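Please keep the sequence and the model at hand while reading.

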Amino acid sequence: MSRPPEFSRPLLKRIGKALLVATCVGLSACDDQSPPASISDKSPAPSSSTSLKPALLATRFHLAQESARRQESGAAISWAVAALEIDPTHAESIALIQSLVQSTHWHFTHSTFPTPLKVPYLAQHGNSIWLAVEAADPPDSQKISFQSVLRYNLESSQVEATLFPALNSRTNHLGLSPQGKFLIVSRQQGKNITNLFCDARTLKPITDLGRFPDDTPIECLLAFSSTDLLLAHPEQPDRTLPTRWHIRDSASGQVLRTETVAEPVMAAHFPIGSQKLELFHSSGNITAIPLSPAEPVETHKNDSLASYDRMLVSNRSPNFFALRKHHPVETRIGEMRRDPSTGNFSAISGYSPDRQRLLLDLPYSERSRFWATCRQLTSSAPPIPSDSAIVAECFNGHQITASDRNGNIYLQTRLPRPHPYRSAEEEAVPGMPSPTYPPGLPTKTLPPDTLHALRQLAILLHGKSLDPQTAAFTPLDLRQLESFEWPDPRALDPIGFQFDTTLTQLKSAAESGGLRPDFSPIWKRLSLADRTGEIWPAILKWSDGLGFERWHQDLQEANLIRTKTITPKPDQTADPSPWLARERLSAAIQSGEKEAITQAISTLTPTSIPAASLALSIAIDRREPAWLETLLANFPEIPPTLKNAATVRLLWCQNRKRDAISLWPEAPPDLTAILRREDWLGWEITDFTPAFKSIQQDIDAELEGLTLPPDSTPESRGQLAIRLLDPNLEQTIGRQRLSELTIKAALAYADFPEESKTTFLLASQARRLGAPAEPCLRAEALSLTSMGEYAEAHPRWILLLTQHPVTTHVPADYSEAAYTAFETGDPRQAIEILATGVKRFPNDADFALRAGWIALLTGNGPRAYPFLLAALDLGIPDDQNIRANALLAIAAYQAEFVEDAFVHFENLLALDPSWADEKTIEALDWPEDLKAILIQLAWQP
């Protein structure tokens, strides 16, 4: 049958539906006509139904073809079956059904449940699904935003773990380790990004991984070993700092090795059975970092000249996939293969379906959003029957989970493809599992039982039933499956496929449906995260169906108290509500009666977290040791940072100041940053900022006068040195704090040439107290440099750069080492040091400017010019603009970019016209050859 002419989709839909309905009505009218009463009846005979069947058949088959063209396989089969109901011998419809059955990756949606939240990310392993949830459209027009992760158990239909919620946050990434033991959650709160590494089962944070580079998808930058024992990831706290790659022990989060990698990384991988981490670059080069810190880092060069736009490494394959961009529209997808002899990777290979299938088998959590297009281009899976656009998918064997924009969750089972029959005359193909046709098959016409079975199969595969007369699809209610008439596999034999396995898997999936999770754990935890209680009305709205639970009733009462709708009664002292316990404690605090407060604290139970957190804050701020001892004894689950603060205050009250100071960090705790990475188990309901501030004030008062003021004098420096070097001070403030203060003073004293001896004494004491070796060595080198003792300072700088980890280096180490190399007569080494520093600190404008100045001093204008241009691109501070443009003009002139030199000099004059005067240039304390270039530029018209 010829294909009907093409129409636009909206027009086709209107014409097809109108024609279909009209034809069906015509057929119904014909069927209802009674035969003529007699031959003598002169009235015209009614139109025969057979005259309309070809048009109806053509319409239904055309709709089947259009559905198939739009990759709506379920609708296509339904329309093809409808066509066969008119003509069971219609070969084109049979062929279309056979093609769809064989080419489509069929999925069956066996469970659907709504959530009141957004679910932008999913992960799945075994019987657990991890849902990254965010606030949906807030009820009552309240501005509410939060982020959390839930672990949902498919067997128990329960939310078994909850990641502590973060208010005003959204999800950036959710990634699961290969064995499902660990979870990485990246969430953003304003400009602050926190990458939490968590135990996947309990969702308790193990460590904060720091900030990742911004220019590469997170999925590509995380690498787990195949057994989950190791994790590798980058860290770049600031764009001015180089990227550091950490290899961690997964269980503890401890860093086993750290290396600085200058070239941007596009993918990371632990090869199976290997003892090293491989980092893939866009150039095709590979950096290999052995697990042992004693082994050197290796670099494998790319054998081809190709560069790559995206890379993705599979945990199931020793190779990796790459996308090579040919032009703005076309891309080429392929696989890189390792050369066993050299260990290098060959050039990208061509596209093939096998590689695509392997790519599609990768879990969604391991793919960046960029790779989602690959599934759309290569997979023939029918769309998920969702109410709105799908925003997340995850794969676990034959299980698929998806979420749509409205927060609905869809659980699907990937069905095995039916085995095609083959005729007895066909030559047997080795390894081909398909059986031969049963005797008497195939037939050219489909019997009624086959049509009936096909109709039922189409409903199951599509998830909808078709009414041909109205052209309407009705979604299949999963509750109807208990009484659903399942098709007989034998009845489907005439279409050429064996459906036993497919239908068995489909029926098993249907029996696992009907899941309805209980989200009360997230509502309970979220109610403790907001200090103001402004989120409580939204929680009550979202959990409206849980009004029979006690926690819901308590929260509703607390919200009424918060809004002053009701007032708590004084005779409710026995009420176990945690919110009423907090109200009773607040009333006791306002009364000012110490005994009443003590009594309220002593009656608190482990479920009274809101009241206990308020009590602990008051106990720390008011320095009450009895209250602190009671709370520390009755609440062992106090978060570590908070428990440390309570312990410090208790020690201070017991006059054990040295122990208290040693426990308290040098920088006061940043409560906002702490709450982004630590689970405070609901204790964050109280603001502990005043309590922390009171501890800091006491410690600052004790340590007053032990730091060097900015406007120090020789007398004040001498007095401070005497105090810091006093052997009795350690007994007063503790070894750790004295070590911190001593090395801080040594670095400050190094700027004063006359304090060189004191600097060395302080650095020596810091070493004895256990301070890191690097700042001690840096203080000594800085002191010698400030004294002009370059020959003695230079070996110390070189020792710092070559014998100590790169992670401990700062940009000034390279600039000072280069300057001392220049002063000791080795300008070539100075340039090499500067080049290394620029690679390790590519985003530091101050260092690039300093490097350009030193390069000019060594007579290397051509090398200085790129350094200075890099500083210009990064953004030179306003107070350095005049000097920077003068140096750019000199460097450009020496590099023989004369036109550029005049441009930079004109920019200099625009900032300060006085540089056109030769006297201004002569007054500079610069080498004469550099000033001569500026004078020559000023003379030019």
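The model is predicted, so local features need pLDDT of at least 70 and side-chain atom pairs count only at pLDDT 80 or more, while totals for chains, interfaces and linings use all residues. Residues are numbered from 1 along each chain as its sequence is written, and side-chain values use heavy atoms, with hydrogens and water left out.

**Helix pairs**

Helices (H or I, at least four residues) are DSSP runs numbered from the N terminus. Their axes are lines fitted to C-alpha atoms over the stretch in contact, with angles from 0 to 180 degrees between N-to-C directions.

| Helix pair | Angle | Axis separation |
|---|---|---|
| H25 (residues 773–787) and H26 (residues 790–803) | about 155° | 8 Å |
| H29 (residues 845–857) and H31 (residues 881–894) | about 45° | 11 Å |

The angle of about 155° makes H25 roughly antiparallel to H26, a term for angles over 145 degrees. The crossing of H25 and H26 is left-handed, meaning that the near helix is turned anticlockwise from the far one by less than a right angle. Contact means heavy atoms within 4.5 Å. On H25 the contact involves residues including Leu777, Ala781 and Leu784, and on H26 residues including Ala793, Trp797 and Leu800. By class, this contact of H25 with H26 holds nine nonpolar, one polar and five charged residues. Here Ala, Val, Leu, Ile, Met, Phe, Trp, Tyr, Cys and Pro count as nonpolar, Asp, Glu, Lys and Arg as charged, and the others, Gly among them, as polar.

The crossing of H29 and H31 is left-handed. Leu849, Trp853 and Leu856 of H29 meet Arg883, Ala884, Leu887, Ile890, Ala891 and Gln894 of H31. These residues divide into seven nonpolar, one polar and one charged.

**Side-chain contacts**

Glu740 lies in helix H23 (residues 735–749). The side chain of Glu740 makes a polar contact with that of Arg737 at 3.0 Å; such a contact is a pair of N or O atoms within 3.5 Å, one able to donate a hydrogen and the other to accept it. The C-alpha atoms of Glu740 and Glu666, 74 residues apart along the chain, are separated by 7.9 Å.

A salt bridge is a side-chain nitrogen of Lys or Arg within 4 Å of a carboxyl oxygen of Asp or Glu, and the count comes to 30 salt bridges. One of them joins Asp679 and Arg525 (3.0 Å, N to O). This pair links distant parts of the chain, 154 residues apart: Asp679 is in the loop between helix H19 (671–677) and helix H20 (689–702), and Arg525 is in helix H10 (residues 520–527).

How values were computed
Helix = DSSP H or I, 4+ residues; strand = E, 2+ residues; numbered from the N terminus. Parallel < 35°, antiparallel > 145°, perpendicular 65-115°, else oblique.
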